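Please keep the sequence and the structure in view while reading.

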Amino acid sequence: MKIVAVIERQTRWAGYLGAVLILPLVLALVYEVFSRYVLGKPTLWAFEVSYMVMGAIFMLGMANALRVGQHVSVDVLSQNFAPRLRAGVHLACYAVLLPVLMWLVWELSLYALEAFSSNERSGRSAWNPVIWPVFGVWWLGFVYLTLQVIAEMLKLWSTLLGHDHGAEVSS
């Protein structure tokens, strides 16, 4: 399914971007420790950069984690089901989750736009940066997660129809 491949390519890209953000996070924290304990001058910005970047890592990585099957899943019963029955159960669960994710995407878009238009600031430190980029990344992370849930639903639907395309679209 071409649409699944397109979605998963985007999901993989977001996961890679999240992984790359580990480098600036580590550099900011190492600099903060050096500045605080060696120079005796803590930074104004390291705390806020660290929670913002850590949040971006999680938000950008959650759809990719779903794509590769790394989300927490309690499959005590369904692991013994036939593949089509298991696909039906998972499809039903995703069908319940999808409207919630769509609502989150909508609300986060409003939240990010409001933060942008009001020039909202974090208020957590003397640095006090604008907060809309953080909300924008949260929104983007949930957009990718919603798209990945749709891709998972399409793969499960294909399994229900007797096709097994899971291996070829997940690569």
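## Surface and burial

In this predicted model, the accessible surface of the chain comes to about 10500 Å², and carbon and sulfur atoms account for 71% of that area. Of the 171 residues in the chain, 35% are buried, where buried stands for a relative accessible area under 20%.

## Helices and overall form

The chain holds 6 helices and 0 strands, so that reading along the sequence gives the pattern α-α-α-α-α-α. The radius of gyration of the chain is 20 Å, whereas the globule rule gives 16 Å for 171 residues; because the value is well over that figure, the chain is more spread out than a compact globule.

Along its principal axes, the C-alpha trace spans about 65 × 35 × 30 Å. Among the contacts in the chain with a separation of 6 or more, 75% are between residues 24 or more positions apart.

## A stacked aromatic pair

A pair of aromatic rings is described by the distance of the centres and the angle of the planes. A search of the whole structure finds 6 aromatic pairs, one of which is formed by Y31 and W45, with 5.9 Å from centre to centre and 15° between the planes, and this pair is stacked. Y31 belongs to helix α2 (residues 22–37), while W45 sits in the loop between α2 and α3 (46–67), and the pair therefore ties together parts that are 14 residues apart in sequence.

How accessible are the two partners? Y31 has 40% relative accessibility and counts as partly exposed, and W45, at 31% relative accessibility, also counts as partly exposed.

## A tilted pair and its cluster

Another aromatic pair is made by Y111 and F135, whose ring centres are 4.4 Å apart and whose planes stand at 35°, which makes the pair tilted. Y111 lies in helix α4 (residues 83–118) and F135 in helix α5 (residues 132–160), so this pair ties together parts that are 24 residues apart in sequence.

Is each of these two residues buried or partly exposed? Y111 counts as partly exposed because its relative accessibility is 43%, whereas F135, at 6% relative accessibility, counts as buried. Together with W138, the residues Y111 and F135 form one aromatic cluster.

How values were computed
Residues are numbered from 1 along each chain as its sequence is written. This is a predicted model: local features need pLDDT of at least 70, side-chain atom pairs count only at pLDDT 80 or more; totals for chains, interfaces and linings use all residues. Side-chain values use heavy atoms; hydrogens and water are left out. Helices (H or I, at least four residues) and strands (E, at least two) are DSSP runs, numbered from the N terminus. The radius of gyration is taken over C-alpha atoms; the globule rule is 2.2 Å times the number of residues to the power 0.38. Buried means under 20% relative accessible area, exposed over 50%, partly exposed in between (1.4 Å probe, protein chains only). Contact means heavy atoms within 4.5 Å. Accessible areas come from the Shrake-Rupley method with a 1.4 Å probe; for residues, only the protein chains shown count as cover. Rings of Phe, Tyr and Trp (its six-membered ring) pair if their centres lie within 6.5 Å; planes under 30 degrees apart count as stacked, over 60 as edge-to-face and the rest as tilted.
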